Amino acid sequence: MTLHRVHYKKMLWPVVIGLLIWLTAPFRPVGLSLIAWHMLAIFVATIIGCITQPLPIGAVAIIMLTLAALLGVIPVDEAIDGFGDSTVWMIAMAYFLSRGFVNTGLGRRVALIFVRLFGKKTLGLAYSLIGVDLVTSPATPSNTARAGGIVFPIIESLAGAYGSTPKNGTERKVGSFLIYSAFHGNIATSGLFMTAMAPNLIAVALAKSMHVQITWMGWFLAGSVPGLICLICVPYLIYKMYPPEVKDTPNARAWADGELTKMGKLSLPEKLMGGIFLLALVLWMLSSFIGLDATLVAFLAVSLLLFTGVLSLQDILHETGAWNTLLWFSILILMAGKLNSLGFIPWLSQSIGQSLHGVHWSIVLLVLLLVYFYAHYLFAGATAHVSAMYGAFLGVAISAGAPPMLAALLLGFDGAIFSSTTHYANGPSSIMFGPGYVTQRDWWRMDFILGLFYLVVWGGIGSLWMKVIGMW
C-alpha cells in the first residue's frame with residue numbers, strides 16, 4: 001500500500017500559532033490560570049488546523065486531543081467522556097435518518113413531485129426546488145447532503161433539458177438562476193430548523209454550557225417569521241437581480257412526470273420512511289411540551305428504521321459522514337467546554353464586557369452580530385467558525401446585559417446566514433458554484449446585497465418577532 005497524503009505545509013500555521021500562544025503563558029492576563037491558557041493554545045491550533053486541513057478534520061481533532069491529554073491539559077477520562085455528549089449523538093442519528101431518504105428514493109420522489117406541481121415558470125421551478133429543501137431539512141443535519149444529494153442533481157437534469165450548460169455558454173438560460181436560488185433557499189432552511197445543519201447543534205450545545213436552553217420548537221418558532229420571509233422574498237429578489245433568459249418552463253412538468261413514471265408507485269420502504277419521518281418531526285415539535293428529549297426522538301426514529309428494515313446495520317456502519325461528525329464534533333465540543341470550565345470564556349466575556357461598560361447591550365449585540373457575520377470571509381465552512389467564535393461572542397453579549405435567549409438565537413441564526421458571503425463559505429456553496437453556472441464576481445456581488453437583507457430580516461425583524469412571542 002502507499003502512504004496517505006498529508007499536507008505538511010498546511011500544518012505550519014496551526015503549529016506556529018499554537019506554540020506562540022503556549023509560550024506566551026508567562027505574559028497571560030492576570031486572573032487567567034496557566035492550564036486555561038494552554039487549553040486556549042490547543043483549541044486555537046485545532047480550529048486553525050480544521051480550517052487549513054493538513055489532514056481531514058477528524059484526524060486533526062484526534063491528534064490535537066491526544067496532544068492535550070499528553071500535555072496534561074485534559075485528563076484521559078474526561079477526553080473519553082466527551083464522546084457521550086447527547087447533542088453529538090443527535091447529529092449522528094439524524095444523519096442515519098437522512099440516509100433513509102436516499103436509500104428509499106423518497107427524497108428524489110418528493111423533489112420530482114415539487115417540480116411537477118410548481119414547474120410551469122422558471123421562478124416557480126426555483127420555489128419548487130427550495131420546497132424540496134424545506135421538506136427534508138428538519139431531518140437532514142447536513143445541508144451539504146441536501147444540496148448535493150437531492151437538489152443539485154435535479155437542477156443539472158433540468159438545465160440539461162433546456163440546453164443550459166456552462167460548457168456551451170448557455171448557463172444563463174435557466175441553470176444559473178436555479179443554482180443560485182437553490183443555494184440561498186438552502187441558507188434559509190438551514191436557519192429555520194435547529195436540525196437543518198450541524199453548526200446549529202454546535203451552537204445549541206455551546207449555549208447549553210452557558211445555561212441557555214434552546215429547544216427544537218423554540219428555535220423553530222423564533223426562526224419561523226424571518227425564515228419564511230427569506231423563503232418567499234429571496235428567490236424573487238434573485239429573479240430581479242439575475243433573471244433567467246427562459247422565463248417559462250412548460251417542459252419541466254413533462255420531464256418530472258417521466259421520471260416519476262420510471263420510479264413507479266410509492267414503494268413500501270418509501271411509505272415507512274415517510275411515516276417515520278413525520279413521527280420524528282411531530283415528536284421534535286412536541287418534545288419541549290411532553291418532556292421527551294430531542295436526542296431520544298432521533299434514536300427512536302433510527303430504531304424504527306432498523307426494526308422495519310428500511311435501514312440495515314451495514315447502512316449505519318457505512319454512513320461515514322455520521323461517524324466522522326461524531327468524532328471531530330465531540331472533540332471540539334469537549335475543548336470548547338473546557339475553555340469555559342477552566343475560566344477562559346468567563347474571563348474573556350468579563351474583560352470585553354468591562355471594556356464596553358456603559359454601552360447599551362443592543363449596540364454590543366449588533367456589533368457582535370456584524371463582526372461574526374463578516375468574519376466568515378476568513379472561514380471555509382460554518383463548523384469551524386461557530387466552534388471558534390460562538391461561545392465567546394455569546395458570553396460577551398450576556399455579560400453586556402443582552403437577554404440570553406435573544407443573543408443565543410440571533411448568533412445561532414447568524415451561523416446560517418453568514419454562508420451568504422463567498423463561494424467557499426460552506427459545502428452547499430462549493431457544490432453550487434463548482435460547475436461554473438455563476439461567475440465568482442456575480443456570486444460575491446449578489447451575496448453582499450443579500451447578506452445585508454439577511455442581517456435586517458434575521459437580526460431586525462427576528463428580534464421584534466421574538467419580542468412579540470415573549471422569548472425575551
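A polar contact here is a pair of N or O atoms within 3.5 Å; within protein, one must be able to donate a hydrogen and the other to accept it, and residues adjacent in sequence count only if both atoms are side-chain atoms. By that rule, one residue pair (both at pLDDT 80 or more) is in polar contact across the interface of domain 1 and domain 2.

This is a predicted model: local features need pLDDT of at least 70, side-chain atom pairs count only at pLDDT 80 or more, and totals for chains, interfaces and linings use all residues. Residues are numbered from 1 along each chain as its sequence is written, and side-chain values use heavy atoms, with hydrogens and water left out.

The bounds below come from an automatic or database domain assignment.

| Domain | Residues |
|---|---|
| domain 1 | 1-82 + 322-335 |
| domain 2 | 86-318 |

Taken over C-alpha atoms, the domain centres sit 33 Å apart. Eight residues of domain 1 and 11 residues of domain 2 make the contact (heavy atoms within 4.5 Å).

Together, domain 1 and domain 2 bury about 930 Å², 87% of it on carbon and sulfur atoms; buried area is the accessible area (1.4 Å probe) that two parts lose on being put together, summed over both. On the domain 1 side, Ala322, Trp323 and Phe329 supply 56% of the area buried against domain 2, more than any other three residues. As for salt bridges (a side-chain nitrogen of Lys or Arg within 4 Å of a carboxyl oxygen of Asp or Glu), the count between the two domains is zero.
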